[in-house]
Amino acid sequence: MAENAADHDLIRGFSRRDPRAAEDLYRRFASRIFGLGLVMLGSPTQAEDLVQDTFVKVWRKADSYEPGRGSLDTWVLLIARRLALDTIRRRVLEARILATHHEAGEVSEEPGPEQQAETSDLAARARQAMSGLSPGQRAALELAYFGGKTSTEVAELEGIPVGTAKTRIRTALIRLREALEVEHEM
C-alpha cells in the first residue's frame with residue numbers, strides 16, 4: 001500500500017508540474033514506453049512520439065489515477081498501449097483511404113525502397129529479439145500487448161501467479177528493448 005501512496009504522490013506532483021516528479025516519472029517509464037512503441041509500431045521515430053504523447057496524456061489525466069484500481073505502472077503502460085493502438089488504427093484507416101484513391105487512378109504514396117528496407121529490417125530484428133525470449137516471456141508479452149490482456153488475465157490464462165505474469169511481461173519488454181537498442185546503435 002505504501003507503493004500505491006508513493007505512486008499517488010508522484011502522479012499528483014507531476015500534475016502540478018513539479019520538475020522532480022516529472023523527472024522521476026520520465027526516468028521510470030520513458031524507456032519502457034519506447035520499447036513498447038518499437039514492438040507495436042516498428043519505428044524508432046513513432047516510438048519516440050509515443051513516449052511524448054503518453055506523458056502528455058498522463059499529465060492531462062493525472063487526476064483520474066486511482067491507486068486502489070491498480071499500480072501506476074499498469075495505468076501508464078495501458079495509456080501508452082492505447083495510444084499505440086490508436087496509431088495502428090490510424091495507419092489502417094490511412095492505408096484504406098490511400099488504397100481507395102489508388103484504385104481511382106491517383107498516384108500511389110507507397111513507401112520507397114529505402115523505407116521498405118528499414119521497416120523490413122526492423123521487423124526482422126523484432127522477430128529475432130522475440131525468438132530470444134523464453135516461451136513463458138513470449139507468451140505473456142503476446143497476450144498482454146498483442147492480445148490486449150491485463151496481467152491478471154495473463155496469469156489466469158497461463159496458470160501462473162499475477163506477480164509472475166507481471167515479471168515475465170516486464171522482463172520480456174526489457175530484453176526486447178535491449179536487443180533492439182543494440183541493433184539500432186550499430
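I counted a salt bridge wherever a side-chain nitrogen of Lys or Arg lies within 4 Å of a carboxyl oxygen of Asp or Glu. By that rule I found seven salt bridges in the structure.

A note on sources: this is a predicted model, where local features need pLDDT of at least 70, side-chain atom pairs count only at pLDDT 80 or more, and totals for chains, interfaces and linings use all residues. Residues are numbered from 1 along each chain as its sequence is written, and side-chain values use heavy atoms, leaving out hydrogens and water.

Entry one. I looked up Asp7 and found it in a salt bridge with Arg28, with the closest N and O atoms 2.9 Å apart. Asp7 sits in helix H1 (residues 2-15) and Arg28 in helix H2 (residues 19-41), 21 residues apart. For helices I took DSSP runs of H or I with at least four residues, numbered from the N terminus. Asp7 is buried at 3% relative accessible area, while Arg28 is partly exposed at 27%; buried is under 20%, exposed over 50% and partly exposed in between, with a 1.4 Å probe and protein chains only.

Entry two. Arg28 also meets Asp73 in a salt bridge, 2.3 Å from N to O. Asp73 lies in helix H4, so this pair ties helix H2 to parts 45 residues away in sequence.

Asp63 and Arg12 form a salt bridge at 3.9 Å, N to O. Asp63 is exposed at 62% relative accessibility, whereas Arg12 is buried at 19%.

Conventions:
Helix = DSSP H or I, 4+ residues; strand = E, 2+ residues; numbered from the N terminus.
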